[in-house]
Amino acid sequence: MKILKRLLKIVFLLAGVLALSVLVIYWADTLGTGYLKIDKSGETKTSYIITNVNVVPMNQDTVLADKMVYIKNGVIEKIADTIEVTGIEIIDAKNKHLTPGLIDMHVHVWDRYELGLYLSNGVTAVRNLWGMPMHLRMKEDILNENIISPAFFTTGPKLTGREFIGDDNLNLTNPGEAKEKIISYKNRGYDFIKTYYGLDKEIFDAVLEQANISEIDIVAHPSQKVPFSYHLHPQIKSIEHAEEIVQQPLQFDLDTAKLKVIIDSIASFKNARYSPTITVFNNIYQMMINDSILESESLEYMNPLIKKIDSKNQFERWFNAKQEDHSTVDRIKKQHEFHLTIVKKLHEAGVRIICGTDAGIGVTLPGFSIHKELAFYQEAGLSNYEVLKTATLNASQTHSMMNQLGTVEEGKLANLILVDENPREDLSTLKSPDCVFVNGRKLNRETLTSYQEKAGSRKNLLATALRYLENLIIEK
């Protein structure tokens with residue numbers, strides 16, 4: 001009996017030490033991102049007038065020169081040549097350009113440091129497409145204005161079929177389970193449903209039916225178990241990845257004649273939106289031609305756990321692939337170039353492109369990657385204005401809950417960026433905004449640069465691992 005008591009004491013002691021260690025790790029990580037905390041003790045400036053500013057509204061291809069913009073309580077109240085309001089702060093834009101903040105429609109967020117990285121790159125809204133419990137807490141803090149952040153929207157866990165096993169997926173086994181999970185995700189606070197590989201027709205139909213009943217939008221990573229055209233459905237608001245067109249309906253045949261048939265079918269669906277995520281696939285090529293990419297300075301902006309595991313695993317996979325077959329490098333390059341053709345043809349057919357990067361996995365950097373993605377759209381033949389629409393107007397019109405973003409108009413949220421040059425003429429000006437406004441809160445360049453520096457020096461591998469473990473333990 002004494003031995004049993006001692007064992008129980010040891011067990012309780014170890015459990016207590018473990019619990020305390022977890023709390024300390026979480027506390028340290030929270031402390032590390034304290035710079036994002038909004039100070040509610042003092043006056044928060046979300047009302048002011050911006051003068052001497054050139055407005056790039058994005059609801060039309062023009063610049064409204066030398067305007068005044070009145071921001072009231074974080075909302076664009078008025079845009080005019082002259083605005084008379086007394087007792088309010090005046091911000092002189094010094095003839096710079098005011099544009100909507102950028103929206104990245106396909107990201108994977110791993111920690112709060114990344115929220116600052118997005119802001120520092122002019123991204124004022126993100127759509128997270130791999131939801132976990134930590135994202136619901138993050139979303140709550142953002143909505144309660146506890147932390148400064150891009151507008152944050154998230155799907156629930158990725159819904160897959162029976163055999164597509166992985167700790168990052170929820171394997172659905174029958175239609176009833178699919179419906180239960182969708183109801184649960186809506187109730188928990190997830191914004192969207194994400195469908196993934198392996199959903200057969202029976203389960204896919206159940207997902208579509210319940211999503212419609214629950215009034216929750218679907219974001220579709222195409223399933224190979226149903227025809228590609230099956231993803232052209234009113235409940236599905238966007239289809240992800242240009243590579244999926246190559247891999248599924250084209251079966252890796254880079255044939256433009258066959259592509260036309262697929263593009264025409266997508267374009268025939270009037271509400272079709274496509275998120276190409278060109279950057280994440282191109283980064284496979286970058287890994288294959290740069291054997292030291294994991295040691296590059298820019299990789300410090302990846303979450304430490306992701307860099308140690310996912311970045312490393314992806315690099316080793318493609319390094320081994322090129323060792324086994326040297327033609328793989330050229331094949332990947334040609335497929336990337338074909339993705340540009342897909343973007344061009346989708347755009348020419350009238351399909352709305354929405355900008356997504358797949359940032360947060362492999363070597364695809366949070367925040368920075370959106371500029372690379374936009375440059376690829378430009379390379380595909382879109383005009384600068386059309387490129388900008390993919391990350392502003394087009395993105396904001398994808399889901400009704402995002403409609404207050406994406407343009408500089410009266411009544412819209414003041415999620416804006418102030419840049420030196422006209423981005424309709426020079427997209428590179430977006431890379432380093434002079435100021436970023438989030439719900440009217442102004443962040444200057446010095447603050448934005450500090451966000452980058454703090455993210456680049458973070459050491460939160462254990463905290464990330466614990467949050468991921470939580471996702472495995474808690475019922476998806």
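**Figure 1. Helix 5 spans residues 201–214**. Helix 5 has 14 residues and covers 20 Å from first C-alpha to last, close to the 20 Å expected at 1.5 Å a residue. The expected span is 1.5 Å times one less than the number of residues. Helices (H or I, at least four residues) and strands (E, at least two) are DSSP runs, numbered from the N terminus. The model is predicted: local features need pLDDT of at least 70, side-chain atom pairs count only at pLDDT 80 or more, and totals for chains, interfaces and linings use all residues. Residues are numbered from 1 along each chain as its sequence is written, and side-chain values use heavy atoms, without hydrogens or water.

Buried positions in helix 5 are I203, F204, A206, V207, L208, Q210, A211 and S214. Buried means under 20% relative accessible area, exposed over 50%, and partly exposed in between (1.4 Å probe, protein chains only). After helix 5 comes E215, with a positive phi near 55 degrees.

**Figure 2. K181 sits in helix 4**. K181 has a relative accessible area of 10%, so this lysine counts as buried. Leaving aside neighbours within four places in sequence, K181 is in contact (heavy atoms within 4.5 Å) with L170, L172, E475 and K476.

**Figure 3. The largest pocket has a volume of about 1100 Å³**. Helix 9 gives the largest share, eight residues. By class, the lining has 18 nonpolar, twelve polar and ten charged residues. Ala, Val, Leu, Ile, Met, Phe, Trp, Tyr, Cys and Pro count as nonpolar; Asp, Glu, Lys and Arg as charged; the others, Gly among them, as polar.

A pocket is an open set of points on a 1 Å grid over the protein atoms alone, where a 1.4 Å probe fits, with protein on both sides within 12 Å along at least five of seven lines. Lining residues have an atom within 4 Å of a point. Points are joined across faces, edges and corners, and the volume is the space filled by probe spheres set on them.

**Figure 4. K67 and D81 meet in a salt bridge**. The side chains come to 2.6 Å, N to O. The pair links distant parts of the chain, 14 residues apart: K67 is in strand 2 (residues 64–72), and D81 is in the loop between strand 3 (75–80) and strand 4 (89–92). K67 is buried at 18% relative accessible area, whereas D81 is exposed at 52%. A salt bridge is a side-chain nitrogen of Lys or Arg within 4 Å of a carboxyl oxygen of Asp or Glu. The structure holds 24 salt bridges.

**Figure 5. E300 pairs with K307 in a salt bridge**. The N to O distance is 3.0 Å. E300 is partly exposed at 40% relative accessibility. K307 is also partly exposed, at 22%.

**Figure 6. E409 and K412 form a salt bridge**. Their closest N and O atoms are 3.4 Å apart. E409 is partly exposed, with a relative accessible area of 28%, and K412 is buried at 13%. Elsewhere, salt bridges that share partners join K96, D420 and D434 into one network.
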